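The sequence and structure come before them.

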Amino acid sequence: MTSTRPLAHPELPPIVALDVDGVLNPANPAHAAALGYQPHRYDGPGPDGQHAVGTVWLHPDHGPWLRELADHAQPVWCTSWNHLAAQWIAPRLDLPTTWPHVPVHAGGVRFGHQSKLSALYPWATRRALAVLDDEFGGKDPTTVDQRTRDGAPTLLHPVDPSHGLRRADIDTVLTWLRRL
């Protein structure tokens with residue numbers, strides 16, 4: 001989706017917003033190892049401040065793929081992991097710990113909208129924006145169409161949570177970014 005109006009902030013790079021759970025950490029741990037994901041033990045504060053312990057499955061290909069996206073856009077974390085994505089996920093994928101995060105509460109769809117997007121859109125202002133997430137609401141395409149008409153091209157790209165991020169997802173976003 002591209003806009004017929006000029007970008008609102010053409011001097012600023014587009015944004016690619018990244019979710020963690022369901023995108024970088026697939027929803028099916030039993031299937032993750034077969035897909036090449038590696039287990040990482042987490043034992044620390046959860047996003048809600050409560051202590052959390054568990055296994056996070058991360059794929060070694062994701063780091064290089066996300067760095068490739070960073071050559072064309074500003075990556076930002078848009079996940080309930082919040083600052084922990086940069087502190088804990090990024091080093092395990094050999095990503096910079098300096099990528100910003102958009103402060104969000106737990107995601108999920110409410111009233112037809114992915115709740116994280118209500119924090120992301122004002123943060124992104126009217127910059128071009130691609131979102132990699134495993135869950136969007138039925139009303140989200142209407143908002144995307146309006147943002148795009150208003151000069152802020154927006155792409156919501158759903159990632160299959162049972163497989164997590166795949167090369168085809170990255171290629172779709174790269175193609176979209178090149179068309180801006």
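Q: Which residue just after helix 5 takes a positive phi?
A: This is a predicted model, in which local features need pLDDT of at least 70, side-chain atom pairs count only at pLDDT 80 or more, and totals for chains, interfaces and linings use all residues. Residues are numbered from 1 along each chain as its sequence is written, and side-chain values use heavy atoms, with hydrogens and water left out. Helices (H or I, at least four residues) and strands (E, at least two) are DSSP runs, numbered from the N terminus. Just after helix 5, a positive phi of about 95° is taken by Gly151.

Q: Is Arg149 buried, partly exposed or exposed?
A: Arg149 lies in helix 5, which covers residues 140-149. Buried means under 20% relative accessible area, exposed over 50%, and partly exposed in between (1.4 Å probe, protein chains only). With a relative accessible area of 49%, Arg149 is partly exposed.

Q: How do the buried residues of helix 5 fall when seen down its axis?
A: Asp140, Val144, Arg147 and Thr148 are buried in helix 5. The arc is taken from the directions from the helix axis to the C-beta atoms. The buried residues line one face of the helix, because they fall within an arc of 95°.
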